[in-house]
Amino acid sequence: MADRRRINGPPGSTIPPVFEDDAGQPEIMNGKGRDRAPNTIRKMFLKTGVTPSASGSAYLEFEDSGKSGVSGLKLSCTVHGPRSLPRSSPFSPHIVLSAHIKYAPFATKQRRGYLRDPSERDLGTHLETALRGAIIADRWPKSGVDIIISIIEGDQDRETSKSQGDETWDMMNALSGCITVASAALADAGIDCVDTVAGGVAALVQDAGEDSTPRIVVDPIPSDHEKVLGACCIAYLPTRDEVTNLWFKGDLPASDAGLYTQLVENGMQASRNANRVLVECLGEATS
Amino acid sequence: MTTSNPTLAIPGQLLGSTSKYQPGPGTHIHNHNVHASLMGTVHIAQPAKAPGPVKRLTKITPAPAPAELPTISVAVPTRSAGPDHASQKKREVLPEVGNVVLCRVIRITPRQAVVAILVCGDTVLDAEWQGLIRVQDVRATEKDRVKIYESFRPGDIVRAEVISLGDQANYYLSTARNELGVILATSEAGNAMHPVSWKEYRDSETGLTELRKVAKPY
């Protein structure tokens with residue numbers, strides 16, 4: 001029976017469009033490799049106060065790399081609070097932090113769902129750990145603060161992520177961006193923090209070639225390299241020289257024992273560089 | 001050590017040493033140094049003048065208080081009433097013990113009055129904090145003979161003082177001073193009322209009086 005209550009589409013079936021692969025595919029697969037020095041991070045754009053209705057907000061964008069089809073990470077963060085906890089929650093003498101990270105459905109090559117999946121919850125937990133070390137929690141009893149980050153564009157090279165499944169390394173870059181932008185938004189919201197915390201990623205990569213040795217680079221783009229052996233994401237407080245969160249993933253060669261600490265050191269250096277941008281952005285926001 | 005005082009601060013910025021400054025709001029201490037906790041402008045408040053030299057040698061005076069150091073603080077501009085302020089940033093304030101707040105009575109029971117805290121100090125609050133005025137905190141005298149129905153009614157605006165952080169849901173408030181109590185009340189007929197004594201409001205139109213715990217207007 002025909003459905004007369006609704007406005008219906010065409011009665012027959014439709015064929016979904018199938019898009020041709022990019023013509024420049026061989027070029028991307030060969031890749032030019034990394035065009036920055038091993039200790040240089042990508043340029044960032046950071047601005048606070050972009051969402052007037054929230055207590056604090058910030059927007060972060062990484063620069064595009066030169067290749068077609070690869071554009072930088074774009075994050076938007078809003079902070080709501082300090083606000084009263086719901087009646088049912090128990091008394092808390094310090095502030096209750098909740099961090100939510102969500103990829104927009106259009107953010108990555110593989111379309112994401114509308115509900116948070118376990119990887120996004122994992123990012124949220126890491127972010128909460130990173131920020132908990134920076135917030136002075138007992139100045140705000142019985143309150144809660146909500147940090148909501150929306151990843152508008154993920155950090156992925158379209159072709160590579162489909163073929164190599166390198167999503168984890170992109171998540172590390174996303175986490176370090178989330179830490180930096182959340183720190184800016186918290187300062188914008190007027191929540192007492194011990195220091196500005198910034199995130200940095202360092203990775204042990206192996207480039208194509210017979211005798212290339214693994215080297216350590218910061219702020220890696222996974223498609224630049226043949227293989228990423230291991231990476232770590234650090235949340236670092238520069239004034240206090242403290243690490244609030246360390247996320248390490250990968251398979252390091254067992255021969256070199258100092259490689260782990262070397263990676264962490266480089267990650268801290270990347271954090272310091274990101275913190276410089278953060279400090280400058282907050283300085284502009286204050287004046 | 002900074003030789004010149006910075007005027008703008010971001011969290012974590014070094015402001016001075018604890019031997020030179022006392023930490024005020026918006027700062028914290030780390031390793032004998034005062035660091036900023038907020039993003040804002042730095043203010044230095046000079047202390048009150050130290051007392052002069054002791055005249056009597058035999059008089060015992062307390063040791064000089066550490067309040068002789070200037071207080072350094074970081075302030076974020078709060079939401080002000082005037083629309084012509086360039087930076088209309090709102091900053092949330094938490095009711096603290098000792099603050100005088102304005103609240104609206106939501107419901108009354110024979111033992112307490114439940115209120116919603118609206119304004120803390122000078123800042124209109126964004127969050128909804130709930131408060132409780134217990135029957136023993138309504139007045140300073142004759143606490144056992146207080147009747148909540150004769151002190152507050154739902155809908156009244158009350159000026160009260162925070163006496164405790166309370167439990168998970170409520171702050172505890174008190175109106176046990178002359179200048180605390182109901183400042184705005186509506187009569188049962190629906191008209192505005194004006195105060196006539198410490199316990200009565202009179203309806204301006206009908207002339208009937210109703211019992212409230214009235215705040216001293218001046």
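Colleague: Which side chain does B:Arg212 meet in a salt bridge?
Modeller: B:Arg212 meets B:Glu210, with N and O 3.0 Å apart. A salt bridge here is a side-chain nitrogen of Lys or Arg within 4 Å of a carboxyl oxygen of Asp or Glu. This is a predicted model, where local features need pLDDT of at least 70, side-chain atom pairs count only at pLDDT 80 or more, and totals for chains, interfaces and linings use all residues. Side-chain values use heavy atoms, without hydrogens or water, residues are numbered from 1 along each chain as its sequence is written, and chains are lettered from A and ligands numbered from 1 in the order in which they are written.

Colleague: Are B:Arg212 and B:Glu210 buried or exposed?
Modeller: Both B:Arg212 and B:Glu210 are buried. Buried means under 20% relative accessible area, exposed over 50%, and partly exposed in between, using a 1.4 Å probe and protein chains only. Salt bridges with shared partners also tie B:Arg212 and B:Glu210 into one network with B:Arg153, B:Asp156 and B:Glu188.

Colleague: And what does B:Arg139 pair with?
Modeller: B:Arg139 forms a salt bridge with B:Glu142, the closest N and O atoms being 3.6 Å apart. B:Arg139 is buried at 16% relative accessible area, whereas B:Glu142 is partly exposed at 44%.

Colleague: Over to chain A: which residue is the salt-bridge partner of A:Glu120?
Modeller: That's A:Lys102, and their closest N and O atoms are 3.3 Å apart. The pair links distant parts of the chain, 18 residues apart: A:Glu120 sits in helix H2 (residues 118–132) of chain A and A:Lys102 in strand E4 (residues 96–103) of chain A. Helices (H or I, at least four residues) and strands (E, at least two) are DSSP runs, numbered from the N terminus. A:Glu120 is buried with a relative accessible area of 0%, and A:Lys102 is buried with 18%.

Colleague: How many salt bridges are there over all chains?
Modeller: The search of the whole structure finds 20. Across the interface of chain A and chain B, though, the rule finds 0.

Colleague: So what is at that interface?
Modeller: There are 9 residue pairs in polar contact between chain A and chain B, both residues being at pLDDT 80 or more. A polar contact is a pair of N or O atoms within 3.5 Å; within protein, one must be able to donate a hydrogen and the other to accept it, and residues adjacent in sequence count only if both atoms are side-chain atoms. On the side of chain A that touches chain B, the elements giving two or more residues are strand E3 (74–84), helix H4 (167–189) and helix H5 (259–286) of chain A. H5(A) gives the largest share, 5 residues.

Colleague: How much area do the two chains bury between them?
Modeller: About 2,600 Å², 58% of it on carbon and sulfur atoms. Buried area is the accessible area (1.4 Å probe) that two parts lose on being put together, summed over both. In chain A, A:Arg87, A:Lys142 and A:Thr286 lose the most area to chain B, together 22% of what that side buries.

Colleague: New topic: how many helices and strands does chain A have?
Modeller: Chain A has 5 helices and 9 strands. Of its 287 residues, 51% count as buried.

Colleague: Which residues touch the most other members of the largest nonpolar core?
Modeller: They are A:Val79, A:Leu127, A:Ile147, A:Ile149 and B:Leu173, in a core of 102 residues. A nonpolar core is a set of buried Ala, Val, Leu, Ile, Met, Phe, Trp, Tyr and Cys residues joined through side-chain atoms within 4.5 Å. H4(A) gives the largest share of this core, 14 residues.
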